[in-house]
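Let's take a walk through this structure together, one step at a time. Have the sequence and the 3D view ready.

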Amino acid sequence: PISFMGRPAMTGDAVARLALRYGCALIPAYSERLDGCRFRVTIEPPWTPEDTGDRDADVRSALERVNRTMEAWIKRTPGQWLWLHNRWPKDETKA
C-alpha cells in the first residue's frame, strides 16, 4: 500500500517496475469530460523514476509520486473522479 488521499491504498506497482527496468519515462495524462461528448486530454511533462539501485525503495518513491499526481488532479476537479475497484482494504491494519 502507498498513501493516497491520506490513507494507505492498494497500488499496483507494474508501471514503476517497468519504467525502472527499461529506463522509461512516465508521461502523466488525464482526460476531463467537458460537456456531452467533448473531452479535454491533458498531457503533462514526462519524468523518469530515480534509479538508486535500491529497487524496492525506487518503486515506492515512483508510486508515491504517481499517487500525489493523481491526488492533485482529483482535488482540482473532484467531479471527474471515477474509480472502479477498492483501493482501500477493509482492515487498514493489514495494509
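Predicted model: local features only at pLDDT ≥ 70, side-chain atom pairs only at ≥ 80, totals over all residues.

Now find helix 1 and helix 2. Their axes come within 9 Å and cross at roughly 120°. Angles of 65 to 115 degrees would count as roughly perpendicular and those over 145 as roughly antiparallel, so this pair is oblique. As for handedness, helix 1 passes helix 2 in a right-handed crossing.

Who does the touching? On the helix 1 side you'll see Val15, Ala16, Arg17, Leu20 and Arg21, and they meet Arg55, Asp56, Asp58, Val59, Ala62 and Leu63 of helix 2. That contact is made of 6 nonpolar and 5 charged residues, with no polar ones. Zoom in on Val59: beyond its sequence neighbours within four places, Val59 is in contact with Asp13, Ala16, Arg17 and Leu20.

Val59 also belongs to the largest nonpolar core, a group of 9 residues that includes Ile2, Leu26 and Trp47. Helix 1 and helix 2 each give two or more residues to this core. There is a second, separate core as well, with 7 residues, among them Phe4, Met70, Trp73 and Ile74.

Last stop: Thr69, which sits in helix 2. Its relative accessible area is 18%, and buried means under 20%, so Thr69 counts as buried. Setting aside residues up to four places away in sequence, Thr69 touches Pro28 and Glu44.

How values were computed:
Residues numbered from 1 in each chain as written. Heavy atoms only, no water. Helix = DSSP H or I, 4+ residues; strand = E, 2+ residues; numbered from the N terminus. Buried < 20%, exposed > 50% of the residue type's maximum accessible area, 1.4 Å probe, protein only. Contact = heavy atoms within 4.5 Å. Core = buried A, V, L, I, M, F, W, Y, C linked by side-chain atoms within 4.5 Å. Axes fitted to C-alpha atoms, helices over the stretch in contact; angles between N-to-C directions. Parallel < 35°, antiparallel > 145°, perpendicular 65-115°, else oblique. Left-handed = near helix turned anticlockwise from the far one by under 90°. Nonpolar A, V, L, I, M, F, W, Y, C, P; charged D, E, K, R; others polar.
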